[in-house]
Amino acid sequence: MRMSEGVPKGRIVEIYNPGMFQEHEEVIVFTRNESSSFYNSMQEQIDYINEIDLYLNRGDEWKLIGYWPKILERIHILDMNMDSLLKKEPLQCYLDASLYNTIRSSHKNVAVSKRKVSVQSNLPI
Amino acid sequence: MRYSYGIMDRRKILLYEPYLFLSGDDLLVFPTKDFHKWQGDIKEYIDGLYQINSINMEETKSLNITEFNLAVAVINNIREELEQMFDSDKISDFSYHYISTLDEKYKKQKGDYYTNDMRRCDIKIHVKPKITPWLKYNHMMEIVNQVAQDFASPQKSGKQQ
């Protein structure tokens, strides 16, 4: 699909690639952040299902009884995401907490923490 | 998702609902017709997946490997369609437009699908882990690393927004 990024300036959007669209062509405009959440959420569900596929031995058909409801949950999320594209409500996938931080901490911080905590005495695990 | 339609006018886009966007937002612009077609295509695939699932609606039958393979193939198709969101060479085929007419009942799961027995199997631990000092240390380091990351990120995330 032809796509261009842009910035809003009052009533108009200045796009970086004006040659992409024809004169008087109707377009639809989203924010980049929300599109990114949407796209990541879709990829997560697809990756999950592909992982199940990769690790399933084709001889263990009985395992599908357990896997299929999980897969169905993910398909439901895919469906909700696609519906949410054309609704003005906040995205369902905003509610998915993400534990994977893409920004790595600097080694310095982690090394300092290691020194201050002593393993044996403090934690009653 | 916040969205607005707009129209291309002399190399700029005139928004129909400009109040939806703040001046600091980055925006993505797609042609409306292509976008609706693309969305319809993916919905079509998802409805196909629900149709594969409809076999489970019958009491006696359950999914077999062939149907699972089919479902995975449809998922791959969805993934390809998703990637074409940013592929400017892709030409949309406007010969048909899919509107979802799937009855909501096909999207519901059977009530007693996950039985008590299944749950008992799932939560039973077959090999009890032996708690060693190494294990305790790693458990604690996981928490420490996560906290260190959280402390490191606020400066960066301040710049992102």
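**Figure 1. Ile13(B) in β2(B) is the bridge partner of Val13(A).** The model shown is predicted: local features are given only at pLDDT of at least 70, side-chain atom pairs count only at pLDDT 80 or more, and totals for chains, interfaces and linings use all residues. Residues are numbered from 1 along each chain as its sequence is written, while chains are lettered from A and ligands numbered from 1 in the order in which they are written. Strands (DSSP runs of E, at least two residues) and helices (DSSP runs of H or I, at least four residues) are numbered from the N terminus. Strand β2 (residues 12-15) of chain A and β2(B) run antiparallel and are joined by two bridges; two strands pair if DSSP finds at least two bridges between them. Ile12(A) stands opposite Leu14(B) in this view.

**Figure 2. The side chains of β2(B) alternate between two faces.** A residue counts as buried if 20 or more other C-beta atoms lie within 10 Å of its own, as exposed if 12 or fewer do, and as partly exposed in between, with C-beta atoms placed from the backbone. In a regular strand, side chains alternate between the two faces of the sheet. What is Ile13(B) in contact with, leaving aside its neighbours within four places in sequence? Its contacts (C-beta atoms, placed from the backbone, within 7 Å) include Gly6(A), Val27(A) and Val29(A) in chain A, and Ile7(B), Met8(B) and Val29(B) in chain B.

**Figure 3. β1(B) and β2(B) form a hairpin with two residues between them.** The two strands pair in the antiparallel sense over four bridges, and Gly6(B) is the bridge partner of Leu15(B) in β2(B). In the turn, Arg10(B) has a positive phi of about 50 degrees. Arg11(B), in the loop between β1 and β2 of chain B, has a positive phi of about 65 degrees although it is not a glycine. Most residues other than glycine have a negative phi. Is Arg11(B) buried or exposed? Arg11(B) is exposed, because it has 11 other C-beta atoms within 10 Å.

**Figure 4. His24(A) is found in the loop between β2 and β3 of chain A.** His24(A) is not a glycine, yet has a positive phi of about 65 degrees. With 9 other C-beta atoms within 10 Å, His24(A) is exposed.

**Figure 5. Six strands from the two chains make a closed barrel.** The order is β1(A)-β2(A)-β2(B)-β1(B)-β3(A)-β3(B), with antiparallel pairing. From one strand to the next the twist averages 40 degrees. Strand β3 (residues 26-31) of chain A is joined to β3(B) by five bridges, and these strands run antiparallel. Here Ile28(A) stands opposite Phe30(B). α1(B) packs on the sheet, touching β3 of chain A together with β1 and β3 of chain B, and its direction makes about 85 degrees with that of β3(B). Helix α1 (residues 32-55) of chain A lies across β3 of chain A together with β3 of chain B, at about 80 degrees to β3(A). Axes are lines fitted to C-alpha atoms, for helices over the stretch in contact, and angles run from 0 to 180 degrees between N-to-C directions.

**Figure 6. The largest nonpolar core has 37 residues.** Such a core is a set of buried Ala, Val, Leu, Ile, Met, Phe, Trp, Tyr and Cys residues joined through C-beta atoms within 7 Å. Among the residues that touch the most other members are Val13(A), Val29(A), Ile13(B) and Phe30(B). The largest share of the core, six residues, comes from α1(B).

**Figure 7. Helix α1 (residues 32-53) of chain B meets helix α2 (residues 65-83) of chain B.** Their axes come within 10 Å and cross at roughly 170 degrees. α1(B) is therefore roughly antiparallel to α2(B), a label for angles over 145 degrees; those under 35 count as roughly parallel, 65 to 115 as roughly perpendicular and the rest as oblique. Residues of α1(B) in the contact include Trp38(B), Tyr45(B) and Ile52(B), and those of α2(B) include Leu70(B), Val74(B) and Ile78(B).

Notes: Contact = placed C-beta atoms within 7 Å.
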